[in-house]
Structure formats: structure tokens, C-alpha cells
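Try each task before you read its solution.

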Amino acid sequence: MYRNETGVNLEAVYTFPIAPGATLLGMSIQIGEKRLQGVVIEKKDATERYEKAIDDGDMPVMLEKSFEGLYTAKILSCTIDR
């Protein structure tokens, strides 16, 4: 759980392992009261959509396989309303 109270937008990067031979089939994330469910798309398309969402002022999330058994999630963390 993380709460951004810095006054600036941050990109949080989480890298985590999964068990050898396991396959990650999905991801869900909760931002405030909103629960988001991930979909699998090609990396090029995912990167473009992630960057566009940032430009549009949204809070995107992107999960990608870094290496065998290792995944990285990028989450844009906007500032909270005070």
C-alpha cells in the first residue's frame, strides 16, 4: 500500500519474482475506491498506451516480464487532493 503525499506525480516501479515455472495470468490494482483489471497486449502497444495515458493526465499501470520469473509493474502515482 502506498500513498503519494509529495506534491508531485511519481512513477513507482515494483519488481517482484514469481515461482519457477509459474505463469502470471492477470493483475488487478486498487486506486482509491477504483479497482482496475489488467489485459494482455503486445509490449509495443502497451508502452504507447501507457505513455499516452500519462500525457492525458491519467494514472496508468503497466506490468511486464523483465526476465524469466521476474516481473516489473510501473504505476503512475498522482498527488492526492489536500
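**Exercise 1.** How many residues apart in helix α1 are glutamate 48 and lysine 44?

*Solution.* Start with the source. This is a predicted model, where local features need pLDDT of at least 70, side-chain atom pairs count only at pLDDT 80 or more, and totals for chains, interfaces and linings use all residues. Residues are numbered from 1 along each chain as its sequence is written, and side-chain values use heavy atoms, with hydrogens and water left out.

Next, find the helix. Helix α1 covers residues 43-55. (Helices are DSSP runs of H or I with at least four residues, strands are runs of E with at least two, and both are numbered from the N terminus.) Glutamate 48 and lysine 44 are four residues apart there, so about one helical turn separates them.

Now check the pairing. Side chains of opposite charge can pair when their charged atoms come close. A salt bridge needs a side-chain nitrogen of Lys or Arg within 4 Å of a carboxyl oxygen of Asp or Glu. Glutamate 48 and lysine 44 form one, at 3.3 Å from N to O.

**Exercise 2.** Classify glutamate 48 and lysine 44: buried, partly exposed or exposed?

*Solution.* Take the cut-offs. Buried means under 20% relative accessible area, exposed means over 50%, and partly exposed lies in between (1.4 Å probe, protein chains only). Glutamate 48 has 43%, so it is partly exposed. Lysine 44 has 58%, so it is exposed.

**Exercise 3.** Which strands hold glutamate 64 and lysine 74?

*Solution.* First, the bond. Glutamate 64 and lysine 74 form a salt bridge, with their closest N and O atoms 3.9 Å apart. Glutamate 64 sits in strand β4 (residues 61-67) and lysine 74 in strand β5 (residues 70-77), so the pair ties together parts ten residues apart in sequence.

Then the surroundings. Glutamate 64 is buried at 18% relative accessibility. Lysine 74 is partly exposed at 25%. Finally, Lys43, Glu64 and Lys74 are linked in a network of salt bridges.

**Exercise 4.** What does alanine 46 touch, leaving out residues up to four places away in sequence?

*Solution.* Locate the residue. Alanine 46 is in helix α1. Its relative accessibility is 17%, so alanine 46 is buried. Apply the contact rule: heavy atoms within 4.5 Å. Alanine 46 touches Ile41 and Met62.

**Exercise 5.** How many salt bridges does the rule give?

*Solution.* The count is five. Among them is lysine 52 with aspartate 56, at 2.6 Å between the closest N and O atoms. Aspartate 56 is partly exposed, at 46%.
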